[in-house]
Amino acid sequence: MLDILRRIVQEVNLAKNLEQALNIIVKRVKNVIDVEVCSVFLTNEKDNEYVLMATDGLNPDAVGKVRMSDDIGLVSLVGKRAEAINIADAVKNPRYQHFPEVSEEAFHGFLGVPIIHHRNVLGVLVIQSSKIQKFSEDDETFLITVAAQLAGAIVHAEASGGISGLKQRGDEKEHESKPIHGLPGAPGVAMGTAVVIYPPADIDAIPDRHILDTEKEVEVFDAAVKSVIKDITELSERLKNVLPEEDRALFDVYLLMLNSQAISGITRDRIREGNWAAGALRQTIQEHEQVFREMEDSYLRERADDVRDLGRRILMHLQEESPDKIDYPENTVLVGEDISASMLAEIPSEKLAGVISVRGSRTSHVAILARAMSISAVMGATDLPVAKIDGRTIIADGYSGRVFISPSEKVTNEFKRIIDEEAALSDELMELRDLPAKTQDGIEISLLVNSGLLSDITPSLQSGAEGIGLYRTEFPFMERQTFPSEEEQHSIYRQVLESFHPRPVTLRTLDVGGDKALPYFPIEEDNPFLGWRGIRITLDHPEIFLVQIRAMIRASIGLNNLKILLPMISDITELNDALGLIHQVYGELLEEGEKVIMPEIGVMIEVPSAVYQAGNLARRVDFLSIGTNDLTQYLLAVDRNNARVASLYDSLHPAVIRAILQVVESARVHDKPVSVCGEMAGDPIAALLLLAMGIDSLSMSVSSLPRVKWVIRNVTRDRARQILSDVLTLEDAAGIRKYLNETFEEAGMGGLVRAGN
Ligand code: PEP
Ligand code: MG
């Protein structure tokens with residue numbers, strides 16, 4: 001059964017459009033269960049109805065015509081209850097609705113199951129039989145499993161809407177497709193051209209791309225095929241004395257396939273239709289693989305792997321022979337399955353308008369980087385049809401997480417207006433640059449920036465920040481091939497400290513592990529966020545930690561604006577050990593005659609144990625800094641990068657708010673300042689609560705700073721405290737967010753937290 005299911009899902013995923021996808025579903029399900037009728041109804045939310053979209057067994061002319069409102073018919077009852085209905089004689093059921101156009105009088109047995117995606121009923125999958133009898137339990141469980149698996153594929157096909165054909169850049173658009181819902185990654189709205197970026201040698205990730213010089217592209221393809229033929233012939237020769245004749249026959253099969261019309265010929269045809277060689281190859285390979293996978297004979301089914309292997313070999317040569325030099329258009333919106341921070345950093349920043357990633361969430365490092373670069377980002381857009389959108393006009397709404405592909409004129413105009421309003425708001429906010437973040441009743445709070453790239457320094461300085469509250473030193477570590485030397489680190493830290501002098505700069509010691517990997521220091525773990533990360537690694541490798549601390553302290557000589565921050569402390573012993581090593585370095589530098597002074601040391605509060613021991617920690621150090629990104633993840637047990645549970649990840653959860661309050665109170669006892677350096681600090685509505693709690697400084701991405709300053713300058717601390725006390729009576733994050741958004745709207749500050757003013 002599993003095999004059948006997998007094959008249906010694969011076939012549906014390859015469908016060119018929704019209509020084809022639904023027709024595949026009804027045909028395959030009808031055959032597998034061996035019933036007389038299988039149909040799909042989809043929900044039309046606008047009119048509260050279910051529409052027959054595909055059928056195998058009923059009158060095909062009824063497709064698109066049979067529409068059932070919410071309160072009549074069995075199909076709508078399945079949708080309403082969101083559960084399966086299995087009845088022996090549908091005709092006798094009081095909910096039964098007769099539609100003469102479908103000619104279904106002859107069918108009695110009825111089984112309908114809902115198709116649900118992320119709690120939304122997308123439609124209903126129905127099978128019917130002429131016998132008066134209920135369907136078996138096996139049929140019911142199979143249909144439920146098919147519907148659950150197909151929901152994602154249907155959303156995907158729906159999102160692809162009218163974008164199945166190949167299009168040139170700027171050559172848009174036939175009919176509006178639905179927006180795709182991802183997660184807000186970085187605020188702002190980007191409208192531009194989608195440029196799909198993908199990992200090399202991954203055939204499924206190759207997008208379609210329109211080309212003009214098709215004959216030249218055919219030559220490129222032929223050259224790649226020729227190279228593969230040469231490779232395989234040589235390999236076969238080399239293995240002559242090692243492999244028996246029958247095993248080497250596989251190479252002959254490969255060579256036959258390579259020369260066949262089925263692989264090379266069809267790919268050439270596709271190139272001549274205007275797709276580039278890699279895209280045309282992807283289509284051919286996926287199609288062939290599918291044909292083999294459907295074969296009954298298990299030997300032939302396994303040949304699907306050979307097709308894929310051949311495809312990969314041709315692709316590698318294609319990529320080697322004509323590396324993909326992308327000509328980034330103005331307003332590039334970078335799109336990909338899993339965009340990394342380094343991919344983002346490669347694009348000329350003046351061309352980059354936004355980023356959309358299928359994986360990840362607001363606190364993934366690529367989103368953090370997008371905020372540092374002041375470009376909007378949508379993360380976790382799981383239903384994005386990546387292969388079909390290269391070169392399309394695309395809108396990324398980083399506030400709501402929506403993505404519009406080839407938007408209609410109406411949507412385009414609406415977003416143009418929003419972008420203009422945003423620009424005006426940003427100009428207005430820039431006027432606050434040199435003004436203090438002081439409430440109307442005179443309470444001042446320090447606004448600092450989070451940084452990690454040398455390229456951030458200039459925008460950070462221009463933002464009017466009072467210093468760097470968090471410098472993530474792992475970013476320079478990530479860009480290298482080996483651990484950076486003491487001198488290399490010294491030079492980076494010195495530049496940062498000098499640029500901001502006399503303002504304070506908080507350098508955090510290396511925080512890798514979790515989702516931050518170093519290419520030269522791979523860590524394989526089942527549970528990386530609960531594993532070897534942050535201070536746990538550096539304490540186990542004092543040779544790395546000591547070099548970093550030496551570089552930091554030396555970089556501050558004569559400037560004395562350094563603070564050191566320790567990440568992921570979950571136990572007092574870790575802090576004691578780290579302090580011991582820092583003092584060791586300090587002593588050694590003094591002995592060497594360096595004019596160093598001991599920097600202030602702080603601890604990040606980002607795991608629950610540190611919240612409960614905040615007092616013990618505060619007593620030993622100079623300041624605390626709350627890392628709400630990790631604190632939220634660990635308190636709520638929600639992976640910060642997992643789009644599937646992202647709706648549960650919210651730093652406004654009452655548990656997080658109470659944890660922060662507890663940390664502030666514990667630090668007060670020891671008279672130590674507390675800052676917040678997680679993304680929460682840059683969320684204007686959350687910043688208001690942090691102000692009310694008595695947080696001393698907020699450190700955020702540079703793009704958030706003007707908005708937060710504006711909020712602070714427009715409230716009194718008393719008003720903020722009153723809002724906090726209201727929030728403390730609320731019991732869930734959604735309620736808190738709603739209350740705060742409404743409060744902002746009422747105060748005329750809605751434009752700070754959503755698109756448009
Ligand atoms: C945090 O966890 O809140 C934080 C600031 O650190 P990072 O996002 O780098 O883990
Ligand atoms: Mg952290």
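This is a predicted model: local features need pLDDT of at least 70, side-chain atom pairs count only at pLDDT 80 or more; totals for chains, interfaces and linings use all residues.
How many residues of the lining of the second largest cavity are nonpolar, how many polar and how many charged?

A: The lining of the second largest cavity divides into 8 charged, 5 polar and 3 nonpolar residues. The space in this cavity amounts to about 90 Å³. Of the 16 residues that line the second largest cavity, those closest to its centre are Arg-472, Arg-508, Glu-606, Asn-629 and Asp-630. Within this group, Arg-472, Arg-508, Glu-606 and Asp-630 count as charged, and Asn-629 counts as polar.

The secondary structure around the second largest cavity may be considered next. Strand S16 (468-472) and helix H21 (628-636) each contribute at least two residues to the lining of this cavity. Helix H21 provides the largest share of that lining, with 3 residues.

The setting of this cavity can be described through the others. The count of cavities of 30 Å³ or more comes to 5. The largest cavity has a volume of about 170 Å³. It is lined by 17 residues, of which Phe-41, Met-68, Val-75, Glu-104 and Phe-110 are the closest to its centre. At least two lining residues of the largest cavity come from each of strand S1 (37-44), helix H3 (74-81) and strand S6 (120-129). By class, 12 residues of the lining of the largest cavity are nonpolar, 4 are polar and 1 is charged. For the lining of the second largest cavity, by contrast, the division is 3 nonpolar, 5 polar and 8 charged.

How values were computed. Residues are numbered from 1 along each chain as its sequence is written. Chains are lettered from A and ligands numbered from 1 in the order in which they are written. Side-chain values use heavy atoms; hydrogens and water are left out. On a 1 Å grid over the protein atoms alone, a cavity is a set of points where a 1.4 Å probe fits but cannot get out, and a pocket is an open set with protein on both sides within 12 Å along at least five of seven lines; lining residues have an atom within 4 Å of a point. Grid points are joined across faces, edges and corners, and a volume is the space filled by probe spheres set on the points. Helices (H or I, at least four residues) and strands (E, at least two) are DSSP runs, numbered from the N terminus.
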